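Reader: Before I rely on any label attached to this model, I would like to see each one set against its cut-off. Could we go through them in turn?

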Amino acid sequence: MANTKLNKALNEQIKHELDSSYLYLSMASYCETINLDGFASWMKNQSIEEYEHAMKFYNFLHERGAEVELLPIDKPPKSFGSTLELFEKALENEQKVTKLIHKLYEAALEENDYPAQVMLHWFIEEQVEEEDMVRTIIEKLKMVGTQGAAILMMDRELAKRGE
Ligand code: MG
């Protein structure tokens, strides 16, 4: 059980989730520098969620006595353009993660690994929600524009997450 192809891929997923966490933290930092505290707060919440995702994989591997080997995480970009470009980058990242989760599920099916399949169901649903949430924000940003009073209104709306 310990050194299956799937366990190795689940271990790699810890890194991918931490890459996401780090990316959102960098996005938060970027938003702080342009004085969009609500956007920054939303991104920090997202960063924490991604860390929690990494820990779900970490705990799952330990529970089954498999090896956890922490891999180096990527340096994220430092600036992200307009708030619309920022969320488009976030969507791109979520779509990438969705593909990785689906690949893990395919491996779990191939290996008849039922516990992994059950664990991954949660992530499959979570990715649908994540993409939907980011897409909704992109649509709203397109609706109101990314300048002036509209962006301050969006900033207040995004600040509500985690309240
Ligand atoms: Mg995630």
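Reader: What makes Glu 50 count as buried?

Author: The model is a predicted one, in which local features need pLDDT of at least 70, side-chain atom pairs count only at pLDDT 80 or more, and totals for chains, interfaces and linings use all residues. Residues are numbered from 1 along each chain as its sequence is written, and side-chain values use heavy atoms, with hydrogens and water left out. Buried means under 20% relative accessible area, exposed over 50%, and partly exposed in between, with a 1.4 Å probe and protein chains only. Glu 50 has a relative accessibility of 1%, and therefore counts as buried; Glu 17, at 0%, counts as buried too.

Reader: Which residues coordinate the magnesium ion, and how do you know that they are donors?

Author: The magnesium ion is coordinated by Glu 17 (OE), Glu 50 (OE) and His 53 (ND1), at 2.1 to 2.2 Å. Donors are N, O and S atoms within 2.8 Å of the metal (3.2 Å for Na, K and Ca), so these atoms qualify; water is not among the atoms, so sites may look incomplete. Along the sequence the donor residues follow the spacing E-x32-E-x2-H. Glu 17 belongs to helix H1 (residues 5-33) and Glu 50 to helix H2 (residues 37-63), so the pair ties together parts that are 33 residues apart in sequence.

Reader: How many helices and how many strands does the protein have, and what is the rule for calling them?

Author: There are 5 helices and 0 strands in the protein, and the pattern read along the sequence is α-α-α-α-α. Helices (H or I, at least four residues) and strands (E, at least two) are DSSP runs, numbered from the N terminus.

Reader: Which residues touch the most other members of the largest nonpolar core, and what makes it a core?

Author: A nonpolar core is a set of buried Ala, Val, Leu, Ile, Met, Phe, Trp, Tyr and Cys residues joined through side-chain atoms within 4.5 Å. The largest such core has 24 residues, of which Met 27, Phe 39, Met 43, Leu 86, Phe 87 and Leu 141 touch the most other members. H1, H2, helix H3 (83-110), helix H4 (114-144) and helix H5 (148-159) each supply at least two residues of this core, and H1 gives the most, with 6 residues. Apart from it lies another core, of 18 residues, among them Leu 6, Ala 116, Met 119 and Leu 120.

Reader: Which residues is Phe 39 in contact with, leaving aside its neighbours within four places in sequence?

Author: Contact means heavy atoms within 4.5 Å. With those neighbours left aside, the contacts of Phe 39 include Thr 83, Leu 86, Phe 87, Leu 141 and Ile 151.

Reader: Why is the pair of Trp 42 and Phe 87 called edge-to-face?

Author: A search of the whole structure finds 5 aromatic pairs. Rings of Phe, Tyr and Trp (its six-membered ring) pair if their centres lie within 6.5 Å, and planes under 30 degrees apart count as stacked, over 60 as edge-to-face and the rest as tilted. Trp 42 and Phe 87 lie 5.1 Å apart centre to centre, with 65° between the planes, so the pair is edge-to-face. Trp 122 and Phe 123 form another edge-to-face pair, at 4.9 Å centre to centre and 85° between the planes.

Reader: Is Trp 122 buried or partly exposed?

Author: Its relative accessibility is 35%, so Trp 122 counts as partly exposed, whereas Phe 123, with a relative accessible area of 1%, is buried.

Reader: What sits over the ring of Trp 122, and how do you know that it qualifies?

Author: A charge sits over a ring if NZ of Lys or CZ of Arg is within 6 Å of the ring centre and within 35 degrees of the ring normal. The charged end of Lys 56 sits over the ring of Trp 122, 4.0 Å from its centre. Arg 161 likewise lies over the face of Trp 42, at 4.5 Å from the ring centre.

Reader: What is the mean pLDDT of the protein?

Author: The mean is 95, and 98% of the residues reach 70 or more, where pLDDT is the predictor's confidence in each residue, from 0 to 100. Among the elements, H5 has the lowest mean pLDDT (92) and H2 the highest (98).
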